[in-house]
Amino acid sequence: MLNTLEELKLRATEELEAITDLKELEAWRLRYLGRKGSLTRILRGLGLLPLEERRVVGAQANKIKELLERSLVERERLLKEAELARHVEVAGIDVTLPGRPFPQGGLHPTTQMVREICHIFETMGFQVVEGTDVEWDYYNFEALNIPKDHPARDMWATLWIDYRTESGEMPMLLRTHTSPMQIRIMERMRPPLRVVVPGRVYRYEATDATHESIFYQIEGLAVDETITLADLKGTLFEFSRRLFGRERQVRFRCDYFPFVEPGVEVAIDCFVCGGKGCRLCNETGWIEIMGAGMVHPDVLKRVGYDPEIYTGFAFGLGVERIVMLRHGIEDIRLFYANDLRFLRQF
Ligand code: YSA
């Protein structure tokens, strides 16, 4: 029996060395090590041998089994390597070339700025709320003290939507600013409230380096029992410094918006000329970043708030203008021209 085993070992090893592909290798495995393979059969028949012979033959058969299994694994590795090398040669693939990177997208600079600004206000206790782009005339104008014949309507060149109901005309439009959300929020919530509303706004106007017809605004509104102009100034000072840096100067000047009294314009000193005057700031040394003011008592009354008890401040800023200031971008039209050379910079 020991001789038979030795012959089997020699034959199997010889055959294995002559094998050149994986299919033949599998056939070899089945021939010797498979369930019906010759070595398996010998191992199974050990029980029929006398005890002493069984011990000797069994030990030798297991040794050969281990040897053949090791040789099988090694042969398989060599064959796979050879196959890959052949494939590379035939297909002409250079496996040492670096892989192709997947192009990675990024957030649009306006989106990044919307998030950054909202985050600053969130840390000051404001809540972020969003509204719809299509709006009723009532919320965009009427409820903000801008009736049909009011000359202030000219400040917001409007894109109207043709919409008629059976009960008559209900003028609809693409919101020209985020201020209508002031009314919607006050109708739904009771003071104290502090909210910021980011969103897209639409104006029927010619575009130039600082004007787009579709752009982003962020509205802010705070209403409570003891809010004063000092709260408005303090909040916007802190916001401007956090966004633009502690060294920036902030200027408040009177301005007019029908839905606030008093109304203010907020500007920061020009980051290019440091306030001396240059092309970017129109030689004024200041760059306007938002309109703001104390919510008009008539606006409060319209939503059912008693102006003898409640006061509030509101503001509305242009997001693209702020990105322009932050990065020294001189033309707002670059934001939506979809030029990847521009967008990849952010
Ligand atoms: C005022 C008082 C409040 O209590 C609340 C909000 C406001 C702002 C008001 N709703 C408004 O829309 N004023 S605004 O017409 O002067 O626009 C506000 C900001 O939007 C501007 O300061 C400017 O930064 C930006 N903006 C205006 N027109 C733009 C524009 N950005 C890009 N393209 C345009 N065409």
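I started with the aromatic side chains and found a cluster: ring pairs link Phe121, Phe126, Phe239, Phe313 and Phe315. I kept in mind that this is a predicted model.

Next I picked out Phe141 and Trp160. Their rings form a tilted pair, 6.5 Å centre to centre with 40° between the planes. What does this pair tie together? Phe141 belongs to the loop between helix H6 (137-140) and strand S3 (159-161), while Trp160 is in strand S3 itself, so the contact joins parts that are 19 residues apart in sequence.

I then asked myself of each partner: buried or exposed, or partly exposed? Phe141 comes out at a relative accessible area of 0%, so I wrote it down as buried. Trp160 has 46% relative accessibility, so I have it as partly exposed; the cut-off for exposed is over 50%.

For a second pair I looked up Phe335 and Phe342. This one is edge-to-face, with 5.8 Å between centres and 90° between the planes. Both Phe335 and Phe342 are buried.

**Charges over rings**

Which charged residues did I find over a ring face? I noted Arg184 over the face of Tyr139, 4.0 Å from the ring centre. I also have Lys233 over the face of Phe252, at 5.6 Å from the ring centre.

**The ligand**

Then I moved to the ligand. How many residues surround it? I get 27, and the closest are His177, Ser179, Glu205, Glu212 and Glu288.

The side chain of Glu288 has an N or O atom 2.8 Å from a ligand oxygen. For the side chain of Gln217, the corresponding distance to an oxygen of the ligand is 3.1 Å.

How much of the ligand does the protein cover? On its own the ligand has 690 Å² of accessible area, and the protein covers 95% of that.

I also wanted to know which elements give two or more residues to the shell. They are strand S8 (214-224), strand S11 (286-295) and strand S12 (311-318). S11 gives the most, with six residues.

Last, I sorted the shell by class: 11 residues are nonpolar, 10 are polar and six are charged.

Notes
Residues are numbered from 1 along each chain as its sequence is written. This is a predicted model: local features need pLDDT of at least 70, side-chain atom pairs count only at pLDDT 80 or more; totals for chains, interfaces and linings use all residues. Side-chain values use heavy atoms; hydrogens and water are left out. A residue is near a molecule or strand if one of its heavy atoms lies within 4 Å of it. A polar contact is a pair of N or O atoms within 3.5 Å; within protein, one must be able to donate a hydrogen and the other to accept it, and residues adjacent in sequence count only if both atoms are side-chain atoms. Accessible areas come from the Shrake-Rupley method with a 1.4 Å probe; for residues, only the protein chains shown count as cover. Helices (H or I, at least four residues) and strands (E, at least two) are DSSP runs, numbered from the N terminus. Ala, Val, Leu, Ile, Met, Phe, Trp, Tyr, Cys and Pro count as nonpolar, Asp, Glu, Lys and Arg as charged, and the others, Gly among them, as polar. Rings of Phe, Tyr and Trp (its six-membered ring) pair if their centres lie within 6.5 Å; planes under 30 degrees apart count as stacked, over 60 as edge-to-face and the rest as tilted. Buried means under 20% relative accessible area, exposed over 50%, partly exposed in between (1.4 Å probe, protein chains only). A charge sits over a ring if NZ of Lys or CZ of Arg is within 6 Å of the ring centre and within 35 degrees of the ring normal.
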